[in-house]
Amino acid sequence: MLSVLDIFRIGIGPSSSHTVGPIRIGKRFVDSLHRDGVFDDTAVVVTELQGSLALTGVGHATPKAVILGLLGLEPETLDAGEADVLVARVYNDHVLLLGGQKEISFNPDTAIIFDFETPPDLHPNGIKMTALSADGAELRSQIYYSTGGGFIASRAQLLTPLPDDIVPTAATVPHPFTSAAELLAICATEQKTIHEVIFANEDAMRAREETVSALNRIADVMMACIERGLHTEGTLPGGLKVKRRAPAIWEKLHGAPPSNEREQLFDWLNVYAMAVNEENAAGGQVVTAPTNGAAGIIPAIIKHYCVGEGTEANRKNIRKFLLTAGGIGLLYKQRASISGAEMGCQGEVGVACSMAAGGLASVWGGTPEQVCSAAEIGMEHNLGLTCDPVGGLVQIPCIERNAIGTVKAANAARLALHQGHHSKVSLDQVIETMRQTGLDMSSKYKETSQGGLAVNVVEC
């Protein structure tokens with residue numbers, strides 16, 4: 001079974017599938033050269049970007065990501081500022097230090113190919129990497145897929161289904177589940193909340209203190225991202241010349257006297273979400289929640305409803321939120337997808353809204369049934385949401401969409417807690433509906449910038 005730490009990954013913007021995933025793919029390819037004993041003979045590396053990675057790769061900084069991966073860096077530990085310097089050096093010198101060890105000739109303009117003609121058959125985000133010797137002999141060639149949220153897989157992995165008689169969760173965790181119905185049944189049988197069930201599963205993967213430390217670290221990175229976004233002014237990179245708005249909104253809120261205006265709640269939720277996604281658009285450090293394009297919703301809810309003066313009680317509430325939200329995220333990852341290239345934005349902002357709603361309902365004392373109801377409501381009203389980024393940049397409509405999704409999440413949690421009966425629509429049903437909707441959705445609306453706002457908004 002996947003861990004919630006697989007759902008919440010520390011990386012850099014602007015995209016988990018187009019930036020974080022390709023970094024990890026580049027690193028994995030370099031590692032495979034060592035494993036196959038051909039690293040020392042490698043003189044040339046060619047990367048072909050396919051599908052959505054080709055169509056919107058420039059705006060999503062995919063070439064930069066490929067270079068960082070080939071340099072041997074990892075998204076969790078690299079420094080965003082230093083990364084820009086290293087990539088600029090490769091573009092300037094046409095030399096790359098493969099795996100941080102061996103210099104090879106590398107001109108990004110020719111070594112990274114945008115293949116607009118080859119539709120990847122197993123997933124819309126395909127990358128083919130090939131290593132050649134000095135005399136042009138092929139040493140290794142591998143196709144990988146960036147499957148959303150920073151997850152990656154080789155072609156062989158996606159072509160190898162698990163045997164029908166194997167339940168991969170049963171042997172490794174005490175409470176395996178593959179559906180919300182199973183999760184709720186476990187909660188009822190064990191008399192545990194959702195976050196307690198998830199915590200017990202995490203305990204089977206590592207020591208409790210390691211999980212606690214990792215969750216604290218995730219929360220710290222989220223809050224640091226908000227702080228940077230609230231205080232960094234300027235224009236976001238890319239041709240749209242989008243101005244950062246979070247600092248101005250923050251200044252108005254922070255400098256104004258206390259207000260009883262109920263609508264000001266929207267302003268606080270909006271500014272925190274926009275701060276994160278403006279940082280993401282600028283290539284800053286963010287946490288996939290569950291993706292970069294939807295990274296602002298969960299931190300915004302945590303910041304407004306869970307963060308106090310840093311007491312251990314607040315820390316516990318944040319961990320409760322993350323474990324609950326992460327458990328819901330696991331359901332979407334296992335039963336559908338969190339990839340915008342597969343599901344449209346319903347698989348990113350929609351899933352983040354669902355996760356945040358469930359997490360908040362948990363913190364507010366909701367029962368497991370109310371938590372799942374909140375998550376269901378959060379997704380139900382995002383069904384059909386398209387991914388049509390203008391200019392292939394994670395800016396319009398992505399930044400505002402996170403703000404709207406945050407308000408929706410809080411409202412979904414409130415509605416669920418007011419609900420005194422079982423919901424007519426289950427979380428499993430809405431996840432399956434999202435999956436079917438994503439399959440039916442035209443590829444024009446799934447992170448290709450070939451339809452919707454991307455073709456109706458004039459880039460300027």
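In the predicted model, T406 counts as buried because its relative accessibility is 0%, and a residue is called buried when this value is under 20%. T406 is placed in helix α18, and, when its neighbours within four places in sequence are left aside, it is in contact with L269, A273, G296, I297, A300 and I301.

A search of the whole structure finds 2 cavities of 30 Å³ or more, and the largest cavity has a volume of about 170 Å³. This largest cavity is lined by 20 residues, among which G293, E348, C387, V394 and C398 lie nearest its centre. The elements that contribute two or more residues to this lining are α2 (16–35) and α18, with the largest share, 3 residues, coming from α18. By residue class, the lining of the largest cavity divides into 9 nonpolar, 7 polar and 4 charged residues.

The second largest cavity holds about 30 Å³ of space, and its lining is made up of M1, L2, F177, I198, N201, E202, M205 and L330. Helix α9, which covers residues 194–203, gives the most to this lining, with 3 residues. In the second largest cavity the lining residues divide into 6 nonpolar, 1 polar and 1 charged.

The lining of the second largest pocket comprises 12 nonpolar, 10 polar and 3 charged residues.

Turning to the strands, it may be recalled that strands of a sheet pair through backbone hydrogen bonds, either parallel or antiparallel. An open sheet of 5 strands is found in the order β5-β2-β6-β7-β8, and its pairing is mixed. The edge strands of this sheet are β5 (112–115) and β8 (151–154), each of which pairs on one side only. Neighbouring strands of the sheet are turned against each other by 25 degrees on average, with direction ignored. Within the sheet, strand β7 (residues 138–148) pairs with β8 in the antiparallel sense over 4 bridges, and S146 stands opposite I152 in β8.

An antiparallel pair is also formed by strand β3 (residues 95–98) and strand β4 (residues 102–105), which are joined over 4 bridges. The bridge partner of V95 in β4 is S105. The hairpin of β3 and β4 has 3 residues between the strands, and in this hairpin G99 takes a positive phi near 60 degrees.

Technical notes
Residues are numbered from 1 along each chain as its sequence is written. This is a predicted model: local features need pLDDT of at least 70, side-chain atom pairs count only at pLDDT 80 or more; totals for chains, interfaces and linings use all residues. Side-chain values use heavy atoms; hydrogens and water are left out. Buried means under 20% relative accessible area, exposed over 50%, partly exposed in between (1.4 Å probe, protein chains only). Two strands pair if DSSP finds at least two bridges between them. Ala, Val, Leu, Ile, Met, Phe, Trp, Tyr, Cys and Pro count as nonpolar, Asp, Glu, Lys and Arg as charged, and the others, Gly among them, as polar. Contact means heavy atoms within 4.5 Å. Axes are lines fitted to C-alpha atoms, for helices over the stretch in contact, and angles run from 0 to 180 degrees between N-to-C directions. On a 1 Å grid over the protein atoms alone, a cavity is a set of points where a 1.4 Å probe fits but cannot get out, and a pocket is an open set with protein on both sides within 12 Å along at least five of seven lines; lining residues have an atom within 4 Å of a point. Grid points are joined across faces, edges and corners, and a volume is the space filled by probe spheres set on the points.
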